[in-house]
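Reader: I would like to learn how to read a model like this one. Please take me through it feature by feature.

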Amino acid sequence: MNTSDHWESLGTPGRQIEIADYNPGWPLAFEREASAILEARRSWVVEVHHVGSTSVPGLAAKPVLDMLPVAAGPAEALEAVHRMVALGYRYRGENGIPGRLYFQKDVDGRDVAHVHMFPVGHPAIRTHLAFRDHLRTHPETARDYERLKRELAAKHVDDREAYTDAKAGFIEGVIAIALGDRADRS
């Protein structure tokens, strides 16, 4: 399989905001890429999670795969940087989130993947997974999120930062509910 085939269901040109209907190929693309990351970085990365909207079955999404590798620790995360670059990722530093190592991958001029690597125990791991899991188990919230994303994508088609900022309140609210639900079950 050539590299483009691996990513055929994903990607947006440049920095444009596009919301696509759910594609059942997204989980397969994640599995393939997670395996490649684990294989190349096994001693540093302990697990890889599929996060973001492409990880929620049935949810329309920006067709860009979001992955969250968990590194054994901060030093191991830094050791993994050059190996991620060897897999075709561009390293972008923390990119606004302390403790995160952020990577982007382009294939054939399309933005296809964003990797948010954190060391074990970083609080962002918990919040990313709580948001994903809540959307997976609360279809009405997922539908509300989809409606919001479509509205914001139409409004901010060429401004990813504005699009992301406009979703923040909704995401924070869902995370607060999700973490409250988890605490109630403990």
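Author: Residues are numbered from 1 along each chain as its sequence is written, and side-chain values use heavy atoms, with hydrogens and water left out.

Reader: What does the protein chain average in pLDDT?

Author: pLDDT is the predictor's confidence in each residue, from 0 to 100. Where it is low, the predicted coordinates should not be read in detail. Here the protein chain averages 89, and 91% of the residues score at least 70.

Reader: Which elements have the lowest and the highest mean pLDDT?

Author: Elements are DSSP runs numbered from the N terminus: helices are H or I with at least four residues, strands are E with at least two. Helix α1 (residues 3-6) has the lowest mean, 55. Helix α4 (residues 123-137) has the highest, 97.

Reader: Now the strands. Which strands does β5 pair with, and in what sense?

Author: Two strands pair if DSSP finds at least two bridges between them. Strand β4 (residues 89-91) pairs with β5 in the antiparallel sense over three bridges. Within that pairing, Tyr 91 stands opposite Phe 103. Strand β6 (residues 110-119) also pairs with β5 in the antiparallel sense, over seven bridges. There, Leu 101 has Met 117 as its bridge partner. The β5 and β6 hairpin has two residues between the strands, and Asp 108 takes a positive phi near 50°.

Reader: How many residues of β5 are buried?

Author: Buried means under 20% relative accessible area, exposed means over 50%, and partly exposed lies in between (1.4 Å probe, protein chains only). Strand β5 (residues 101-107) is mostly covered, with six of its seven residues buried.

Reader: How many salt bridges are there?

Author: Side chains of opposite charge can pair when their charged atoms come close. The rule asks for a side-chain nitrogen of Lys or Arg within 4 Å of a carboxyl oxygen of Asp or Glu. By this rule the count is seven. One of them joins Arg 90 to Asp 106, with the closest N and O atoms 3.0 Å apart. This pair links strand β4 to strand β5, 16 residues apart in the chain. Arg 90 is partly exposed, at 35% relative accessibility. Asp 106 is partly exposed too, at 38%.

Reader: Which residues are linked in a network of salt bridges?

Author: Asp 21, Glu 146 and Arg 150 are. Arg 150 bridges to Asp 21, with the closest N and O atoms 2.7 Å apart. That pair spans 129 residues, from helix α5 (residues 139-155) to the loop between β1 (12-13) and α2 (25-41). Asp 21 is exposed, at 57% relative accessibility, while Arg 150 is partly exposed, at 33%. Glu 146 meets Arg 150 at 3.4 Å, N to O. Those two are four residues apart in α5, so about one helical turn separates them.

Reader: Last, the largest pocket. Which residues lie nearest its centre?

Author: On a 1 Å grid over the protein atoms alone, a pocket is an open set of points where a 1.4 Å probe fits, with protein on both sides within 12 Å along at least five of seven lines; lining residues have an atom within 4 Å of a point. Nearest the centre are Lys 62, Arg 100, His 116, Thr 164 and Lys 167, out of 41 lining residues. Helix α6 gives the most to the lining, with 10 residues.

Methods:
Predicted model: local features only at pLDDT ≥ 70, side-chain atom pairs only at ≥ 80, totals over all residues.
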